[in-house]
Amino acid sequence: MYNDMVTLQTMDTIFYEAQRQGRISFYLTTSGEEAINIASAAAIKNDDFVVPQYREPGVLLWRGFSMQEFANQCFGNKADYGKGRQMPIHYGSNKHNYFTVSSTIATQLPHAVGAAYALKMDRKDACAVTYFGDGGTSEGDFHAALNFSAVTEAPVIFICRNNGWAISTPISDQFRSDGAVVKGRAYGVRSIRVDGNDALAIYSAVHAAREMAIGEGRPILIEALTYRVGHHTTSDDSTKYRPVDEIEWWRTTQDPVTRFRKWIESNGWWNGDIESELRSSVRKQILHALQEAEKAEKPPISDLFTDVYDVSPSNLREQEHSLRETIKKHPQDYPSNVPI
């Protein structure tokens, strides 16, 4: 778990810097939320469906998604499973039972309930796990999903990362209830609140939730209290709406990676030499993956028009023709590394 928490933290740092260098178009980090990512992933099985938001790449990392696969998606190259049609960090992998990320807030929650209900009808020994932020609880889809799950007794685990901010909106401006946990109880969903920066607390809660969800045929809501240390995305400057001192306090005193390291060191399982070796090795792997992804060929223009219809309709064919003609007339306005 600690290896993957460090890997996730390092990947975020390097990819964030790559965006600032203009090498990728967009990025967001999981800074301060590494424990929720990795510990929850460790507590579930690979057969469980994961229906993520956009701040759970650590779950995919735990399941075996490689640094090269992460980099390919962020650069939108030919090896990207989404064929370059998604924004960076919108990962997805059929092989890892990880549904493709969607930017729209909370739309994944009813989908997760539907997936869980399907698992139940097929008598599978598995559940669906879905993630969302505190802002997601202000969306109608959250309420529809909780009611849907309670009525159908679907084996789904809702994990709310209550990190205090829905972009620039603090929780005090979102709702007057006592967090998200009471909302689950109101719908008849067994709910618990845990310290989201304590990897062991997250692991314990999610492990128990999975047993209940599958064994008892019921939905579970876990509210993990944490803090988004990084900016919402690379398009955001969070110092405009929250004090720098507040960010630094969480970064220095409540960092989940540091907290978990202290615990494994106290048990004699870790030391400074192993730490240095791990961070050096991980950094080299990520930099290599980034460089390879950056050099790779982009998907062809034709991929923009495929995978929706079995037979492309006339309007799409016309659009593709129009795009190709425009690129020929104004090649200076289009990337030269995209195959026509």
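**Salt bridges and a cavity**

Visitor: How many salt bridges are counted here?
Guide: This is a predicted model. A pair counts when a side-chain nitrogen of Lys or Arg is within 4 Å of a carboxyl oxygen of Asp or Glu. By this rule the count comes to 20 salt bridges.

Visitor: Which parts does the salt bridge between E33 and R161 tie together?
Guide: The side chains of E33 and R161 meet at 2.9 Å, N to O. E33 lies in the loop between α1 (2-20) and α2 (34-43) and R161 in strand β3 (residues 156-162), so the pair ties together parts that are 128 residues apart in sequence: that loop and strand β3.

Visitor: Is E33 buried or exposed?
Guide: Buried means under 20% relative accessible area. The relative accessibility of E33 is 0%, so E33 counts as buried.

Visitor: How far apart in sequence are the parts that D195 and R259 tie together?
Guide: D195 forms a salt bridge with R259, with their closest N and O atoms 3.0 Å apart. D195 belongs to strand β6 (residues 190-195) and R259 to helix α10 (residues 256-266), so the pair joins parts whose separation in sequence is 64 residues.

Visitor: In which helix do K295 and E292 both lie?
Guide: The side chains of K295 and E292 form a salt bridge of 3.2 Å, N to O. The two are three residues apart, about one turn of the helix, and both lie in helix α11 (residues 272-295).

Visitor: What is the volume of the largest cavity?
Guide: The count comes to one cavity of 30 Å³ or more. Its lining includes G32, W250 and D255. The volume of the largest cavity is about 30 Å³.

How values were computed:
Residues numbered from 1 in each chain as written. Predicted model: local features only at pLDDT ≥ 70, side-chain atom pairs only at ≥ 80, totals over all residues. Heavy atoms only, no water. 1 Å grid on protein atoms, 1.4 Å probe; cavity = no way out; pocket = protein on both sides within 12 Å on 5 of 7 lines; lining within 4 Å. Points joined across faces, edges and corners; volume = space filled by probe spheres on them. Helix = DSSP H or I, 4+ residues; strand = E, 2+ residues; numbered from the N terminus. Buried < 20%, exposed > 50% of the residue type's maximum accessible area, 1.4 Å probe, protein only.
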